[in-house]
Amino acid sequence: MTTPCIEFKDVVAGYKDFMILNDLSFSVPTGSITLLIGPNGAGKSTVLKTLFGLLTPKQGHVYLNGEEITGSSQKDLLAKGIAFVPQGRNLFGQLSVYENLELGGITIGMKTTHERIPEVLEFFPRVKERMNSAASSLSGGEQKQLEIGRALLLRPKVLLIDEPSIGLSPIVVQDVFKLLRKLSDQGTTVLMVEQNVKSALKYSDDAIALESGRLVLHQSAAEILADPEMDRLFLGASVKV
Ligand SMILES: Nc1ncnc2c1ncn2[C@@H]1O[C@H](COP(=O)(O)OP(=O)(O)O)[C@@H](O)[C@H]1O
Ligand SMILES: [Mg+2]
């Protein structure tokens, strides 16, 4: 069996004494897109925060390519190739697009950052045209693209992305999903939280459903999309297609 890119083994994690993830175990293969789904408060964002070192598990183990990373610092995790695009807007609005990218390269040094910025901007022609504009003047979709671009500067092996579609029009959302698909086809492992489940499943390989911090389903995206019962159970009536 090949070593998974990401593995959670019996992870218990939460905030102070309040545990959110309960004995959570799952693994994610290299170069795939795995979608994390489940109701609000299920612990999806907590999984990403645990992987990015924002939370230290109380129990259990987290592995990256077979190497234990439980409790590693964010600096070490960045150096190992994990990048995180959190939910919401995370740019310096008054700084230019270019300056926001420069700030994304703090851990790799300015020389390397300047070398890589043009290559990242090739993914986002609209953002590239606005390189010297204030980040706040970009559309919501362009701002999310810039955030993803900033993460890509690190040439991440693993991209964690939390609800990228919030506030974006359906067409722009498809562009974001297509970009994630392209990155994963080039070998990046993507773990994505997304409420736009049906749409996101079309671009994903697998889905993991959480309920109250426990895994209730781990299946291929194609199987879930093809199964009417899954549709009822996990996609629900509120799903936007
Ligand atoms: N910083 C925090 N401090 C205390 N509790 C938190 C914090 N962040 C999230 N929680 C709680 O943890 C639970 C899971 O949250 P989260 O992982 O954000 O859920 P999801 O992303 O699935 O909606 C929720 O009950 C939430 O209120
Ligand atoms: Mg969340």
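Colleague: How much of the protein chain counts as buried?
Modeller: Of its 241 residues, 40% count as buried, where buried means that 20 or more other C-beta atoms, placed from the backbone, lie within 10 Å of the residue's own, exposed means 12 or fewer, and partly exposed is in between. This is a predicted model, in which local features need pLDDT of at least 70 and side-chain atom pairs count only at pLDDT 80 or more, while totals for chains, interfaces and linings use all residues. Residues are numbered from 1 along each chain as its sequence is written, and chains are lettered from A and ligands numbered from 1 in the order in which they are written.

Colleague: How many helices and strands are there?
Modeller: The protein chain has 10 helices and 10 strands, which are DSSP runs numbered from the N terminus, with at least four residues (H or I) for a helix and at least two (E) for a strand. The radius of gyration is 18 Å, close to the 18 Å that the globule rule gives for 241 residues, so the chain is as compact as a globular protein of that length; the radius is taken over C-alpha atoms, and the rule is 2.2 Å times the number of residues to the power 0.38.

Colleague: And which strands make up the six-stranded sheet?
Modeller: That open sheet has the order S6-S7-S8-S3-S9-S10 with mixed pairing, two strands being paired if DSSP finds at least two bridges between them. Strand S6 (82-85) and strand S10 (214-220) are at the edges with a single partner strand each, so one side of each is left without a neighbour in the sheet.

Colleague: What joins S6 to S7?
Modeller: Four bridges join S6 to strand S7 (residues 158-162), and the two run parallel; Ile82 stands opposite Val158, and the bridge partner of Ala83 is Leu159.

Colleague: Are the faces of S6 covered or open?
Modeller: Both faces are covered, with Ile82 and Phe84 buried on one side and Ala83 and Val85 buried on the other.

Colleague: Which strands does H7 lie across?
Modeller: Helix H7 (residues 170-185) lies across strand S3 (33-37), S7 and strand S8 (189-193), running at about 150 degrees to S8; axes are lines fitted to C-alpha atoms, for helices over the stretch in contact, and angles run from 0 to 180 degrees between N-to-C directions.

Colleague: Switching topic, how is the chain divided into domains?
Modeller: Domain 1 covers 1-81 + 160-241 and domain 2 covers 82-155, with bounds that come from an automatic or database domain assignment. The contact between them takes 24 residues from domain 1 and 13 residues from domain 2, two residues being in contact if their C-beta atoms, placed from the backbone, lie within 7 Å.

Colleague: Which elements of domain 1 touch domain 2?
Modeller: Those giving two or more residues to that side are helix H1 (44-51), helix H2 (74-79), S7 and H7.

Colleague: How much of H1 is buried?
Modeller: H1 is mostly covered, with six of its eight residues buried, among them Lys44, Val47 and Leu51. Just after H1, Gly53 takes a positive phi of about 80 degrees.

Colleague: What about the sheet of four strands, what is its order?
Modeller: The order is S2-S1-S4-S5, in an open sheet with antiparallel pairing, and the edge strands are strand S2 (18-28) and strand S5 (67-68), each of which pairs on one side only. Two bridges join strand S4 (residues 59-64) to S5, and Leu64 stands opposite Glu67 in S5.
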